[in-house]
Amino acid sequence: MSSLAWLMPASSRDHAAGNYSQEPTMIAIVDDDESVCHAIKQLARSLGMEADTFASGQEFIDFIEAMPAQRFDCVILDVQMPGLNGLDVQARLKRLGYRFPIIFITAHDEANLRERALAAGAVAFLRKPFAAELLIMTLRATVKLRGHA
């Protein structure tokens, strides 16, 4: 330990030594297109974030109900999926008491869907294909608002 380490609070010493106690930023990616899930997961990892992927809205809801303590700093949610669509998932999360920030992604950018999603609390609504830079900026802004760097 350096001679100045005793002057720092333990948490600062741990941080300075590289022992970070802050949990990593967790992202959920819900999209029935496996290639989209994979690409966004790789992008999130490149930003130092962890990501779980779900192939359907129902799979995500089932996971949340089975693991109620699981936290996500952001959910990236496709609008059009078989079974539960993105708006259904958003409504279900709200009924279950979860307030995850949601970034909607869609190939079907209809004004009424966008308005409904945003009115129900979504933080963003991006049209596929979107530039990686736009998703990066949106993710960083959302995570920053959540209190993670």
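Guide: Let us begin with Asp73, which is buried at 2% relative accessibility; buried means under 20% relative accessible area, exposed over 50%, and partly exposed in between (1.4 Å probe, protein chains only). This is a predicted model, in which local features need pLDDT of at least 70 and side-chain atom pairs count only at pLDDT 80 or more, while totals for chains, interfaces and linings use all residues. Residues are numbered from 1 along each chain as its sequence is written, and side-chain values use heavy atoms, with hydrogens and water left out.

The side chain of Asp73 meets that of Arg71 in a salt bridge, at 2.5 Å from N to O. A salt bridge is a side-chain nitrogen of Lys or Arg within 4 Å of a carboxyl oxygen of Asp or Glu. Arg71 is partly exposed, at 24% relative accessibility. Glu23 also forms a salt bridge with Arg71, with the closest N and O atoms 3.0 Å apart. This pair links distant parts of the chain, 48 residues apart: Glu23 lies in the loop between helix H1 (10-16) and strand E1 (26-30), and Arg71 in the loop between helix H3 (57-66) and strand E3 (74-78). Helices (H or I, at least four residues) and strands (E, at least two) are DSSP runs, numbered from the N terminus.

A further salt bridge joins Asp31 and Lys128, whose closest N and O atoms are 2.8 Å apart. Asp31 is buried, with a relative accessible area of 1%, and Lys128 also counts as buried, at 18% relative accessibility. In total, the structure holds 4 salt bridges.
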